[in-house]
Amino acid sequence: MHVAGRIEDYALIGDMQTAALVCRDGTVDWLCLPRFDSPAVFAGLLGTEEHGFWRLGPVNGPGGRPAPADRRRYRGDSLVLESEWDTPRGTVRVIDFMPPRDGAPQLIRIVEGVSGRVPMRSALRMRFSYGWVVPWVHKIDDRTVAVAGPDSVWLDTEAETYGKDLTTYSDFTVSPGERIAFTISWEPSHKQPPAVADPEGSLEATEEFWREWVEHCTYHGPYRDAVVRSLITLKALTYAPTGGIVAAPTTSLPECLGGVRNWDYRFTWLRDAAITLSSLLRTGYREEARAWREWLLRAVAGDPENLQIMYGIAGERELGENELHWLPGYENSRPVRVGNGAAGQLQLDVYGEVTEALHLAHMTGLARNDYASLLQLKLIQWVEKHWDEPDEGIWEVRGPRRHFVHSKVMTWVAVDRTVKLIEAGDVDGPLERWKDLRETIHRDVCEKGYDKERNTFTQSYGSQELDASLLLIPQMGFLPPDDKRVIGTIEAIQRELSTEDGFVLRYPTSGADDLGVDGLEGEEGAFLACSFWLADDLAMIGRVDEARKLFEKLLSLRNDLGLLAEEWDPKAQRQVGNFPQAFSHVPLIDTALRLTASGAYGG
């Protein structure tokens, strides 16, 4: 029976509308169709092979299962995956990709013989609704189709297929230079069948798409390979029809193996999307910035007073959270959740991140949009009335609301960037009043969120705990890097929130038994974004060698394809959390840019 691999064993392929995860042994264990947030057709990642998978590889492992590939890589700067197996009978290559969509979504797998004659097997088990529904599978002409309710998935291949144990198999042998393709395509079940795929033509077009996209990258520093792979990953997490950006293409990959910290990340968080936008802008990608700004304006619409922290990828507001009781979870991490109840939270920092993104878009020459400027003014009017309220904060705690210091700092950012917009003459607004508001927020944070005895800012007003989000204080310009309070905070976080490996926890969690500030039991791993933030801060305060060493240590945590999940489990020495995670790849890019600008790199 197939057991899901480690999180870092997976490769990402996608078409900028949905994505699949391919394990080292050639098994697709996760694919939602037709969108990122649609029910999964392959949900083996969160269960067993009974919940859907597609395995394709040589018949040379125990029980006929393929062993892990001996080598795998992306083809150049693309999202086309190549996996190669060396077997006693020869070498074979499998090419996996999803062409940028022009019609039905497709996942294409091309088997190519390299040497010898290698026996191969394709085992395709489609299960709709996250593994809950067994489809009706039958043949129409030479095509195999699986139908359940509103969905149909079509398999096209020249290889012979047969059904057994509610699975579609194909057994064949490849010789050197021989190529055999398999394609699955999704279509609403009431519509005409999708067109038969052109695998070779689609492969050429997919490679060309990525080659042309990467050419726009303006970063040419020493970390270019890591930066470009992160940029490709962020582009893959963008929902092309609307410009919305998902935080990750998965749900319920645990932050603590076997625990309950399992969330659905297949939505657009304003925070994550805004920082993603900032990284794209800094590396030359204006079109993505324009598309995201248009998405934002549609999502917020005429109701900025009721801004949500997150939306569906097309701007949907209802993201009700449910549990899928039939799935045992990744490595028995329950519950498996779809939807996200955090959509109804108050997170004041979002106003700062959105305003900062709009400001950066304006500063980098994105064409003016009058409604975007009006939205920014309306957001500040709301902030003016509510900045001094407690909230759930950047980490979406499910405990009581608090006056989180990071939240207050980001309301300051929102006001500061708007003041600068007014001062530049780009919009009209109550300049002096908002300058006074900016000063009021700044003074409030410095008086109530700072512990003079320990020389550090704290997680919330009156608390003793630290929080890694405080590392953003100098990066947002709230205080200069050489301010003693900034340096004290950085050093306190290094002392109190760092693991033995030097990586950074978000905040103190409760441990195994009690509920902590976040209202949840159990622990979590080191949060990779926070560790990148620390490297950034160290560079800003002149400790550039230390910053570089930490950054390169973080790069070593990436899997062999350059991908990062949300967190690193220092005990198990493995990646945890949803994968791949935009909130990890964005600060990787930002820190690379800062270190390159400072000249702090080896080689």
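Does Cys 530 count as buried or exposed, and at what relative accessibility — which is it? At 0% relative accessibility, Cys 530 counts as buried; that word means under 20% relative accessible area, with exposed being over 50% and partly exposed in between, for a 1.4 Å probe and protein chains only.

Some background. This is a predicted model, in which local features need pLDDT of at least 70 and side-chain atom pairs count only at pLDDT 80 or more, while totals for chains, interfaces and linings use all residues. Residues are numbered from 1 along each chain as its sequence is written, and side-chain values use heavy atoms, with hydrogens and water left out.

Back to the cysteines. A search of the whole structure finds zero disulfides, a disulfide being a pair of cysteine sulfur atoms within 2.5 Å. Cys 256 is partly exposed, at 25% relative accessible area.

Now strand S3, residues 27-32, where six of six residues are buried. Strands here are DSSP runs of E, at least two residues long, and helices are runs of H or I, at least four, numbered from the N terminus. Two strands pair if DSSP finds at least two bridges between them.

S3 pairs antiparallel with S2, residues 19-22, over three bridges, and Leu 21 stands opposite Trp 30. Four residues separate S2 and S3 in a hairpin, and Gly 26 in the turn has a positive phi of about 85°.

S3 also pairs antiparallel with S5, residues 53-58, over two bridges, with Thr 27 opposite Arg 55. Two bridges join S3 to antiparallel S4, residues 40-42, where Phe 42 is the bridge partner of Leu 31.
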